[in-house]
Amino acid sequence: MKVLVPVKRVIDYNVKVRVKADGTGVDLANVKMSMNPFDEIAVEEAIRLKEKGQADEIVAVSIGVKQAQETLRTALAMGADRAILIVAADDIHQDIEPLAVAKLLKAVIDEEQPGLVLAGKQAIDNDMNATGQMLAALLGWAQGTFASGLEIEGENAVVTREVDGGLQTIKVKMPAIVTVDLRLNEPRYASLPNIMKAKKKPLDEKTPADYGIDVTPRLTVVRTAEPRERQAGIKVGSVDELIAKLKDEAGVL
Amino acid sequence: MAVLLLAEVTNGELQRDATAKAVTAVKSLGEVTALCVGAHARDAAEAAATIDGVAKVLCAEDAIYGHRLAEPTADLIVSLAGGYDHIAAPATTDAKNIMPRVAALLDAMVITDVVAVVDADTFDRPIYAGNAIQTVRTADAKKVLTIRTSTFEAASEGGAAPVEAVAAAGNPGLSEWVKDSAAASDRPELTSAGVIVSGGRGVGSEEDFHLIEKLADKLGAAVGASRAAVDSGYAPNDWQVGQTGKVVAPELYIAVGISGAIQHLAGMKDSKVIVAINKDEEAPIFQVADYGLVADLFDAVPELIEKL
Ligand SMILES: Cc1cc2nc3c(=O)[nH]c(=O)nc-3n(C[C@H](O)[C@H](O)[C@H](O)COP(=O)(O)OP(=O)(O)OC[C@H]3O[C@@H](n4cnc5c(N)ncnc54)[C@H](O)[C@@H]3O)c2cc1C
Ligand SMILES: Nc1ncnc2c1ncn2[C@@H]1O[C@H](COP(=O)(O)O)[C@@H](O)[C@H]1O
């Protein structure tokens, strides 16, 4: 079985995000970029399926600016076999919307015919949590979202999902889309020899036009603003003082 | 203008708080029709009919909707979408699963986690773990939204909307429910609780996490946790507060042994009053706390429990 893993290049999760003064977006120039943390988990899961003999090829796909090559090289260094980069933007500040990403991924999937797609549950930049579900809709496939457990059983995938009420287990027919949550696994680091080897693995470059897909955004960003800042309050010296403040000042006890 | 609102129904029961908050968010967009879906949805539909601002309730009761599997539920919503400009739902995990699928089937770009409705086409939503608020305007004919409930007040009771049964759409038969593992609890639900006590990695073990629960019970509070506490097995996954967990805004949030990473703050910094108990006076949580207590939690929490 072939496994396809979409990986997104995003701002590193440790970076403090700054909104641009003119309100047009957040500043991404000279900022550390990394693979979306959820996508690292998806890549790791694909590698584990391969190690268990349940997958035979892992294809990583990224859509965005040319620099997303680096993200794909990371996936290759972790253990993906080959990569496809769809260059859909020149400006690092332009985000390709989940609907357009899903359309492009569908076109790739029509060619590649994977048995399973492992995506992240959410990209930590736009926080949309939408692409996997949209892709499943376009393909008419089953979806198993927010996975913290995954077992392949014949024609089905058994997915344990993190939901509001706890955990839900469902069985989905393959081919299927599974989106992964943070507790599915702990992704490995790429070793130096594997980083060297990854440089020789195939990385195909495409454009949306190659697939005949229009990536014009549906949403216009009117403005991007700082959230309302919270002021730090005071330090209290004792539990008694805390209780008194909560009773008399805040009125919440 | 008309709105179809997917009500939150769990095992036949309406989640009134989440649904009523979403009603508040969308009622300026047009007449609100609430859709209750489930193997049993009648009681939920009757309950949704009493939410002020709901003009009509559609009830789709069928075994195929028993566990709100995404594929049949999305197909049902699409089959009903014809008469509505907006299709919305509270941003629960159920809706996050279903609504992007609905949007793609309608060739629309979903707008998730809406925190403000500016006008019929324009919405605010947080990005980058709440470090920025983006205002977006959609060009789509049908607008598909999920509503972040923590920023809206629940609509009151007093409505008496008519309830109408609607036929099930087909079942694509792509997925099957196997089981739910939910721990039963008498505590208030996290996203609607007025007081929350959350524990982090600093609590140190599953046994010691009972201390957090004890404080919560003393206050009639819900229990939350940081990702680190959940990952370490001190607390179940559905207690996680943050960017990738639940977003809460109680009257009082008490963070114990939590450092205050941005991903955690994303889920609680709109709480009215924040208390932090941490032994590290440099912990970033103190930058958002109204009342900070620099102390060892193993001294402070038992003392709090005793004196409250
Ligand atoms: C993609 C992504 C998504 C994430 N989503 C979330 C999310 O939704 N929610 C979330 O919470 N995190 C999330 N995280 C993780 C987040 O970055 C932090 O790692 C996490 O919040 C840290 O949890 P913590 O504060 O409990 O642990 P730590 O950062 O280890 O802090 C423990 C604190 O306890 C204090 N302490 C220790 N012992 C004591 C004591 N005896 N008495 C008093 N204080 C004590 C320490 O001083 C310290 O400040 C996410 C991370 C990523 C990458
Ligand atoms: N531009 C992209 N390139 C590759 N994968 C993407 C892209 N955007 C989203 N994805 C995938 O979809 C998941 C969810 O993203 P989102 O719906 O934007 O929150 C990510 O974790 C990725 O697996």
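With which side chain does the side chain of Glu162(A) make a polar contact? The partner is the side chain of Arg183(A), at 2.9 Å; a polar contact is a pair of N or O atoms within 3.5 Å, where, within protein, one must be able to donate a hydrogen and the other to accept it, and residues adjacent in sequence count only if both atoms are side-chain atoms. The model is predicted, and local features need pLDDT of at least 70, side-chain atom pairs count only at pLDDT 80 or more, while totals for chains, interfaces and linings use all residues. Residues are numbered from 1 along each chain as its sequence is written, chains are lettered from A and ligands numbered from 1 in the order in which they are written, and side-chain values use heavy atoms, with hydrogens and water left out.

Glu162(A) belongs to strand E8 of chain A, residues 156–163; helices (H or I, at least four residues) and strands (E, at least two) are DSSP runs, numbered from the N terminus. Glu162(A) is buried, with a relative accessible area of 9% (buried means under 20% relative accessible area, exposed over 50%, partly exposed in between, with a 1.4 Å probe and protein chains only). Leaving aside neighbours within four places in sequence, the residues in contact with Glu162(A) include Phe146(A), Leu167(A) and Asp181(A), as well as Thr93(B) and Asn237(B) from chain B; contact means heavy atoms within 4.5 Å.

Ligand 2 is surrounded by 19 residues, of which Asp39(A), Ile63(A), Ala123(A), Asn129(A) and Thr131(A) are the closest; a residue is near a molecule if one of its heavy atoms lies within 4 Å of it. Polar backbone atoms of chain A approach oxygen atoms of this ligand: that of Ala123(A) at 2.7 Å, that of Asn129(A) at 2.8 Å and that of Gly120(A) at 2.9 Å. The protein buries 99% of the 480 Å² that ligand 2 exposes when taken alone, with accessible areas from the Shrake-Rupley method with a 1.4 Å probe and, for residues, only the protein chains shown counting as cover. Strand E4 (57–64), helix H3 (98–112) and strand E6 (116–120) of chain A each give two or more residues to the shell, and E4(A) gives the most, with 3 residues.

An N or O atom in the side chain of Arg201(B) lies 2.6 Å from an oxygen atom of ligand 1, and a backbone N or O atom of Arg227(B) lies 2.9 Å from an oxygen atom of the ligand. A nitrogen atom of ligand 1 is 3.2 Å from a polar side-chain atom of Asp296(B). Of the 980 Å² of accessible area that ligand 1 has on its own, the protein covers 86%.

Chain B as a whole contains 8 helices and 18 strands. Of its 308 residues, 60% count as buried. The C-alpha trace of chain B spans about 60 × 40 × 40 Å along its principal axes. Among contacts in chain B between residues at least 6 apart in sequence, 65% join residues at least 24 apart.
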